[in-house]
Amino acid sequence: MGDWQEDDDRTRALRSPVPTPVARDETTPRAVSRVYGKARKGSAPVRPLPGSPGSPAGPAGSAGTPPGTPPGAPSSGGKGGFRMPNVSLRPKGGGGPRRPGRWFLRILAGLLVLLLVLAVGGYFTIDSRLKRIEALGDYEGRPADTPGTNWLLVGSDSREGLTKAQRRKLATGSSVGRRTDTMMLLHIPDGDGRPTLVSLPRDSYVPIDGHGSDKLNAAYAYSDGGPKLLAKTVEQVSGLRIDNYMEIGFGGFVGIVDAIGGVEIDVKQNIKDPKAGINLKKGVQTLDGGTALGYVRTRATGAVPDFDRTQRQRQFFSAVVKKAASPGVLLNPFTSVPLAFSATDSVAVGTETGSFDLLSLALAMGDNPVTTVVPIGSLPTINGQSVVKWDREKALRMFRALAEDKPVPKDVLAK
């Protein structure tokens with residue numbers, strides 16, 4: 001004890017004096033400390049900040065959490081060490097990675113819009129280029145409207161637009177004026193039935209208003225005739241009201257066939273006809289425009305040349321329209337565009353006929369129509385001319401069935 005006391009005396013000068021406790025006057029205002037720049041209220045002692053040495057541990061997982069941090073937020077201290085903030089790796093905008101399907105749909109939609117614009121533009125272009133003529137008109141005694149749609153299809157021997165060299169090549173001759181080389185009546189039913197295509201032989205001996213009786217094609221050739229008189233004559237002898245008229249000349253015929261790359265025809269026999277400019281062998285073959293023109297014009301075959309001729313005309317017309325309306329032609333701009341311009345340059349239609357009517361014609365011909373000819377009764381010679389007289393009873397039954405939008409009786413159809 002003595003040593004301790006002695007040591008204590010020697011070091012007393014080095015030790016800080018112990019302050020004498022002073023009684024606190026409760027009436028004296030207590031000093032107010034400041035915490036983070038604000039006055040701290042209350043009389044509780046100041047406690048260390050959480051996470052500092054000597055501070056009491058907070059709730060589980062809260063040690064080392066900075067003040068103001070929401071409960072449950074990640075800690076930057078404590079036993080677990082530094083924790084990465086919960087940062088999303090998703091690209092800005094929240095769109096996620098681009099999917100290829102979206103781009104495909106956008107491209108497809110763009111193509112559809114482009115096709116629609118082209119289709120609409122093409123329609124108005126074609127419709128504006130169509131040559132329209134006065135072919136149908138009202139007159140006293142005209143047949144009333146009947147079910148279905150009736151077309152009068154005419155192929156004229158007009159050389160309009162052909163040069164001398166083309167006339168020689170196509171063996172069309174140099175005749176001036178126009179005559180009807182081909183006449184067909186197409187009936188398209190309102191229902192689901194098949195269309196009917198009827199050939200009207202050009203030598204048919206029929207009454208013509210103002211001219212007595214003559215060959216059917218004379219109605220077109222008269223100086224006061226033409227499309228109007230021809231349509232009127234067909235209406236009067238058939239009892240059918242014609243709804244649409246279409247006419248095409250030699251030049252247009254050749255241009256349309258060449259525009260679709262020719263047409264495949266099953267030639268039934270060898271045909272050699274210098275007047276028509278053809279020398280064909282029997283069998284299936286593709287005919288170009290010039291050869292096709294000779295094929296439908298020739299009268300060098302059959303005991304009844306005009307009858308065989310009408311068969312070839314129906315066969316060829318059906319083949320041309322079917323190919324022209326096929327997807328391989330319509331969807332190929334290298335064939336559809338030349339076809340459209342060739343058709344509008346060479347086809348004349350009635351004033352009541354538009355592009356949609358022509359489309360319905362093409363679709364009808366692609367629907368495997370029934371093809372036939374007006375029933376023939378006799379082939380007399382009248383006024384030095386060989387003519388064709390119809391079987392009146394059978395012809396009336398045929399036209400009556402078409403007027404009622406019914407199939408033509410089988411016993412009336414040509415064999």
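Some ground rules come first. Because the model is predicted, local features are described only where pLDDT is at least 70 and side-chain atom pairs only at pLDDT 80 or more, while totals for chains, interfaces and linings use all residues. Residues are numbered from 1 along each chain as its sequence is written, and side-chain values use heavy atoms, with hydrogens and water left out.

The predictor's confidence in each residue, called pLDDT, runs from 0 to 100. For the protein chain its mean is 75, and 64% of the residues reach 70 or more. Over residues 1-7 the pLDDT is below 50, and this stretch has one contact in the model beyond near neighbours in sequence; a contact here means heavy atoms within 4.5 Å. Residues 72-82 also stay under 50, although the model gives them 13 contacts beyond four places in sequence. Where pLDDT is low, the predicted coordinates should not be read in detail.

The overall make-up comes next. Twelve helices and 19 strands form the secondary structure of the protein chain; helices (H or I, at least four residues) and strands (E, at least two) are DSSP runs, numbered from the N terminus. Of the 415 residues, 36% count as buried. The term buried means under 20% relative accessible area, exposed means over 50%, and partly exposed lies in between (1.4 Å probe, protein chains only). Among contacts with a separation of 6 or more, 63% join residues 24 or more positions apart.

The interior can be followed through its nonpolar cores. A nonpolar core is a set of buried Ala, Val, Leu, Ile, Met, Phe, Trp, Tyr and Cys residues joined through side-chain atoms within 4.5 Å. The largest has 41 residues, and Leu153, Leu186, Phe253, Ile265, Tyr295 and Phe316 have the most contacts inside it. Helix α8 (residues 305-324) gives the most to this core, with six residues. Both domain 1 (132-249 + 347-414) and domain 2 (262-345) give residues to the core, so it lies between them; the domain bounds come from an automatic or database domain assignment. Beyond four places in sequence, Phe316 is in contact with Phe253, Val257, Val263, Ile265, Ala292 and Val296. Apart from this core lies another, of 33 residues, including Leu136, Ile208, Val388 and Leu402.

Helix α8 also holds Lys323. With a relative accessible area of 29%, Lys323 is partly exposed. Not counting residues up to four places away in sequence, Lys323 touches Ile260, Gly261, Gly262 and Val329. Its C-alpha atom is 8.3 Å from that of Gly366, a residue 43 residues away along the chain.

The buried residues of α10 are Thr335, Ser336, Leu339, Ala340, Ser342, Thr344 and Ser346.

Strand β6 (residues 196-199) contains Thr196. This residue is buried, with a relative accessible area of 5%. Leaving aside neighbours within four places in sequence, Thr196 is in contact with Leu185, Leu186, His187, Val370, Leu402 and Val408.

Charged side chains complete the picture. Side chains of opposite charge can pair when their charged atoms come close. The structure holds ten salt bridges, each a side-chain nitrogen of Lys or Arg within 4 Å of a carboxyl oxygen of Asp or Glu. One of them joins Arg397 to Glu393, with the closest N and O atoms 3.9 Å apart. Both residues lie in helix α12 (residues 392-403), four residues apart, about one turn of the helix. Arg397 also meets Asp411 in a salt bridge (2.9 Å, N to O). Asp411 lies in the segment after α12, so this pair ties together parts that are 14 residues apart in sequence. Arg397 is partly exposed at 24%, and so is Asp411 at 41%. A further salt bridge links Lys406 and Glu404 (3.4 Å, N to O). Elsewhere, Asp138, Arg142, Glu235 and Arg241 are linked in a network of salt bridges.
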